[in-house]
Amino acid sequence: FALYSSMLKSLHRTRDGEFSFIENPEFDINRIQPLWDATDKYLAFGGLLSIAQLYKFWRKAPIGLKNGPMPILALAYLLGRKNSIAVYLQGELLSALQERDIDQMLVAPAEVEIRFVGSTTSNQELFDALRGVLSKYVPDVDATPLSLARAIVRIVLTAPAWARKTHDMSKTTLAFRSEAIKASDPFDLVLKKVPELFKADS
């Protein structure tokens with residue numbers, strides 16, 4: 001409880017009757033906001049970076065964070081910014097952080113990578129159309145590239161084994177499955193690959 005009170009209480013808040021991690025701390029008595037702001041800037045200009053690289057950044061001055069709280073703070077940061085930070089395990093985009101992924105962050109932080117994914121107001125018609133389709137299969141899909149890409153990856157990776165392996169599908173469907181499995185850039189998947197594939201099939 002002491003750890004929760006000292007580090008996470010201002011970040012773990014109730015919304016609509018449910019607790020969740022929020023983007024920025026409320027009543028920042030623990031001075032977490034400056035760390036969050038510095039991390040936002042670091043990721044915005046850093047491209048694809050590993051959790052190990054993030055820890056290295058946190059250790060340096062002027063932050064000077066100790067190793068102990070880093071995994072807890074990193075997880076809180078990622079959960080609070082789930083709509084703007086893409087997470088990859090061994091190069092593959094994760095549709096959601098699972099317990100096994102968190103374990104991997106602990107034992108092999110160099111194998112877990114993150115990337116800041118900004119929002120855009122262009123192509124909103126495409127985003128809304130994709131959300132309309134994907135929301136039938138995945139709950140809580142937002143009309144943003146990162147949320148849409150995660151939903152696509154989740155649908156493909158949680159499909160029955162035969163659907164992930166069979167070749168008895170159209171060329172477009174097979175190509176779509178392949179692109180979803182190897183997706184690394186949400187913008188590229190949502191703005192380029194999906195429109196190209198289904199335009200060719202129309």
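Asp 140 counts as exposed because its relative accessibility is 74%, over the 50% cut-off. This residue of the predicted model sits in the loop between helix 6 (124-134) and helix 7 (145-157). Its phi is positive, about 60°, although Asp 140 is not a glycine.

Gln 90 also has a positive phi without being glycine, here near 55°. Its loop runs between strand 4 (85-89) and strand 5 (92-93). Gln 90 counts as exposed because its relative accessibility is 60%. The table sets out these two residues.

| Residue | Phi | Relative accessibility |
|---|---|---|
| Asp 140 | about 60° | 74% |
| Gln 90 | near 55° | 60% |

**The loop between helix 3 and helix 4**

Pro 62 belongs to the loop between helix 3 and helix 4. The peptide bond joining Ala 61 and Pro 62 is cis, with omega about 5°.

Ile 63 is in the loop between helix 3 (51-59) and helix 4 (70-80). Is Ile 63 exposed or partly exposed? Ile 63 counts as partly exposed, because its relative accessibility is 27%. That value falls between the cut-offs of 20% for buried and 50% for exposed.

Which residues does Ile 63 contact, leaving aside neighbours within four places in sequence? They are Leu 35, Ala 38, Phe 57 and Trp 58. Ala 38 is 25 residues from Ile 63 along the chain, and their C-alpha atoms are separated by 8.7 Å.

**A buried aspartate**

Asp 101 lies in helix 5 (residues 99-107). The residue is buried but has no salt bridge. What is the nearest side chain of opposite charge? It is Arg 100, 4.1 Å away.

The side chain of Asp 101 does have a polar atom 2.8 Å from the backbone nitrogen of Gln 98. Not counting residues up to four places away in sequence, Asp 101 touches Leu 89, Leu 94, Ala 96 and Val 112.

**Helix 9**

Helix 9 covers residues 171-181. Within it, Thr 172, Arg 177, Glu 179 and Ala 180 are buried. Why do they count as being on the same side of helix 9? They cover an arc of only 165° around the axis, which puts them on the same side.

Note on methods: Residues numbered from 1 in each chain as written. Predicted model: local features only at pLDDT ≥ 70, side-chain atom pairs only at ≥ 80, totals over all residues. Heavy atoms only, no water. Helix = DSSP H or I, 4+ residues; strand = E, 2+ residues; numbered from the N terminus. Buried < 20%, exposed > 50% of the residue type's maximum accessible area, 1.4 Å probe, protein only. Contact = heavy atoms within 4.5 Å. Arc of directions from axis to C-beta. Lys, Arg positive; Asp, Glu negative; His and termini not counted. Salt bridge = Lys/Arg side-chain N within 4 Å of Asp/Glu carboxyl O. Polar contact = N/O pair within 3.5 Å; in protein donor to acceptor, adjacent residues only side chain to side chain.
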